[in-house]
Structures are given as C-alpha cells and as structure tokens.
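Student: I would like to work through this model with you, one question at a time. Could we begin by looking at the sequence and the structure together?

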Amino acid sequence: MRIALAAAVATFVATPVLAEDLVFQLVNDSSHSITEMYVSPVGEDQWGENILTVDAVDPGVSGDVTIADGMEICDYDLRFVSAEGGEAENTQNLCDLATFTVTD
C-alpha cells in the first residue's frame, strides 16, 4: 500500500505545472469611466482584445480582471480607454499585484 501511494505522489509531483490565469482587482479611482482595457506582454507590438466584460468601470467602482492568455509571464503593458476617448498606458508586473488602481 505504501509503495502504491508513493508512486501516485511521485506521478503527481512530476506532472508539469500548467499556466494559471492572472486575476487582480481593478479599482477606478479616476474621474473617468473606463470603457476598454487592453493587455499585452511587454515587448509585443500589438494589443490584444478589450478584456473588460462590462460596458464601463465607472469612477469609484472596482472589480476582478482575469487575463486568461495561457502564458507564464508576469510583465504586461496595460492600456485603458475612457468614455471620453482618452487613453492611458502603464507597464506592470501583475503576478506580484493584488490590486491595480487607475487614477487621474
């Protein structure tokens, strides 16, 4: 019985770790509604699709954001677009972050 259990544990430990989704809380502490949010790994020339699942993140509102790109990276470029058409960009290590706050 111990041998079978040890073999099962060894098999479980040897299984490769799959990439996990990055999840963090987005807080809109600005005076503008955020209508679009794009992310791309640092160094990429193109933005991905708008990852917001709501029409807008109004001032004072927060919610969870998930980046489910299957990559095992942490450093992302972030692009936010407001309802008025303004844009802001930032670079962030999202693995070490529980909350990202957008300000004016």
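This is a predicted model: local features need pLDDT of at least 70, side-chain atom pairs count only at pLDDT 80 or more; totals for chains, interfaces and linings use all residues.

Tutor: Residues are numbered from 1 along each chain as its sequence is written, and side-chain values use heavy atoms, with hydrogens and water left out.

Student: In what order do the strands of the antiparallel open sheet stand?

Tutor: Strands here are DSSP runs (E, at least two residues), numbered from the N terminus, and two strands pair if DSSP finds at least two bridges between them. Strand β2 (residues 34-41) is joined to β4 by seven bridges in the antiparallel sense, and β4 also pairs antiparallel with strand β5 (residues 87-93) over seven bridges. Because β2 and β5 each have a single partner strand, they stand at the edges, with one side left without a neighbour in the sheet. The order of the three strands is therefore β2-β4-β5.

Student: Which residue in β4 is the bridge partner of Glu-36?

Tutor: Strand β2 runs antiparallel to β4, and one of the bridges between them places Ser-40 with Asp-77. For Glu-36, the bridge partner in β4 is Val-81.

Student: How many residues apart are the two members of the aromatic pair?

Tutor: Rings of Phe, Tyr and Trp (its six-membered ring) pair if their centres lie within 6.5 Å, and planes under 30 degrees apart count as stacked, over 60 as edge-to-face and the rest as tilted; the count by this rule is one aromatic pair. Phe-80 and Phe-100 form that pair, which is stacked, at 5.7 Å centre to centre with 10° between the planes. The pair links distant parts of the chain, with Phe-80 in strand β4 (residues 75-82) and Phe-100 in strand β6 (residues 99-102), and their separation is 20 residues.

Student: Is Cys-95 buried, partly exposed or exposed?

Tutor: A disulfide is a pair of cysteine sulfur atoms within 2.5 Å, and Cys-74 and Cys-95 form one, with their sulfur atoms 1.9 Å apart. This pair links distant parts of the chain, from the loop between β3 (62-67) and β4 to the loop between β5 and β6. Buried means under 20% relative accessible area, exposed over 50% and partly exposed in between (1.4 Å probe, protein chains only). Because its relative accessibility is 37%, Cys-95 counts as partly exposed.

Student: At what distance does the side chain of Asn-28 reach the backbone oxygen of His-32?

Tutor: Asn-28 lies in strand β1 (residues 22-28) and counts as buried because its relative accessibility is 0%. Contact means heavy atoms within 4.5 Å; leaving aside neighbours within four places in sequence, Asn-28 is in contact with residues including Ser-33, Asp-58 and Val-102. The side chain of Asn-28 reaches the backbone oxygen of His-32 at 2.8 Å.

Student: With which side chain does the side chain of His-32 make a polar contact of 3.1 Å?

Tutor: His-32 lies in the loop between β1 and β2 and is partly exposed, with a relative accessible area of 34%. Among its contacts, leaving aside neighbours within four places in sequence, are Val-57, Ser-82 and Asp-104. A polar contact is a pair of N or O atoms within 3.5 Å; within protein, one must be able to donate a hydrogen and the other to accept it, and residues adjacent in sequence count only if both atoms are side-chain atoms. At 3.1 Å, the side chain joined to that of His-32 is Glu-84.

Definitions and conventions. Helices (H or I, at least four residues) and strands (E, at least two) are DSSP runs, numbered from the N terminus.
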